[in-house]
Amino acid sequence: MYLPTYLYPVEHCEMHGPMYAAHSRLSVFSTSSQSSLDLGARPSSSLGSRPASTVGGGSVRPVSTATGTSGLNVSTKRTNTIYDRNLNKTRMAEVSLSSWAFMFSEVVQYTQKRVQGIGDLERRLNTLGYRVGSRVLEATIWRAESTTKAPKRETKFLPALMWIHTVLWRQLFGKSADAIEKSVENDDEYMVIDNDPPITRHISIPKEMSQLSCSAFTAGVVEAVLDGLCFPARVTAHSVPTDQYPLRTTILIKLDRSVLEREEALKQGS
């Protein structure tokens with residue numbers, strides 16, 4: 001994971017585009033405190049002061065140990081953050097579904113106010129999911145390498161797809177996906193089916209936006225994982241409701257041609 005840093009453009013460079021600087025709210029001192037802080041002034045100590053000594057003709061004032069070298073009260077107590085936790089101890093940690101539903105609902109509403117249509121909204125949700133997927137894959141691989149003597153990396157697509165169907169889905173949603181299907185018409189299309197995706201369980205879509213699938217976020221996660229495993233593909237989400245499963249969603253995976261060519265080469269080599 002990374003520490004969030006809010007940036008704003010400062011100037012534009014012809015070679016590198018806009019240059020950025022850290023947001024002022026994340027500065028160590030605020031603008032007001034910087035203007036009022038005189039680093040050259042010597043603060044008085046409530047513990048009393050000792051007379052200045054003369055070394056080599058110059059005056060040297062002893063520094064109080066209570067305030068530090070800059071005269072500021074510095075706390076040496078350090079509080080643990082989420083980044084100090086052991087990744088292996090939190091691998092089975094669960095997040096409250098109500099908290100997640102509230103947060104994801106806010107994400108969808110925030111994004112909806114800044115797009116022009118359903119397609120643009122799904123693309124933005126897909127982009128957010130891609131960022132999450134790259135980090136989920138990194139954490140999963142690190143945990144596997146630290147707990148397994150001989151970690152295995154899948155070089156064929158079908159075993160990798162089964163790993164997504166089981167291991168990845170359990171880490172994200174606490175359960176496996178319901179099915180994996182292959183397209184009859186196109187050899188480069190596969191589908192992961194979830195009859196009741198938790199990510200959209202508490203989202204109600206109006207009739208005028210019935211074509212919207214908020215599982216585009218999940219599609220972005222899957223696309224990032226496939227890219228990280230060297231199986232480039234275009235992943236989209238489609239709502240396929242039934243009477244029994246009104247939230248049934250299909251994650252459609254359209255593989256890049258290079259993946260099919262590599263699969264064929266591996267078959268011939270074996």
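This is a predicted model: local features need pLDDT of at least 70, side-chain atom pairs count only at pLDDT 80 or more; totals for chains, interfaces and linings use all residues.
The residues in question are Trp-169, Phe-173, Asp-194, Pro-197, Ile-199, Ser-215, Thr-218, Thr-249 and Ile-251. Among the secondary-structure elements, those that contribute two or more residues to this lining are the helix α4, spanning 157-173, and the strand β8, spanning 249-255. The volume of the largest cavity comes to about 50 Å³, and a search of the whole structure returns one cavity of 30 Å³ or more.

The cysteines were considered next. A disulfide is a covalent bond that joins the sulfur atoms of two cysteines, and, with a pair of cysteine sulfur atoms required to lie within 2.5 Å, the count for this model is zero disulfides. Cys-214 has a relative accessible area of 3% and is therefore classed as buried, since this value falls under 20%. Cys-230, by contrast, has a relative accessible area of 37%, which lies between the limits of 20% and 50%, and so Cys-230 is described as partly exposed.

The backbone at Cys-230 also deserves mention. This residue is placed in the loop that runs between α5 (216-228) and β7 (233-239). Most residues other than glycine have a negative phi; Cys-230, although not a glycine, has a positive phi of about 70°.

Definitions and conventions. Residues are numbered from 1 along each chain as its sequence is written. Side-chain values use heavy atoms; hydrogens and water are left out. On a 1 Å grid over the protein atoms alone, a cavity is a set of points where a 1.4 Å probe fits but cannot get out, and a pocket is an open set with protein on both sides within 12 Å along at least five of seven lines; lining residues have an atom within 4 Å of a point. Grid points are joined across faces, edges and corners, and a volume is the space filled by probe spheres set on the points. Helices (H or I, at least four residues) and strands (E, at least two) are DSSP runs, numbered from the N terminus. Buried means under 20% relative accessible area, exposed over 50%, partly exposed in between (1.4 Å probe, protein chains only).
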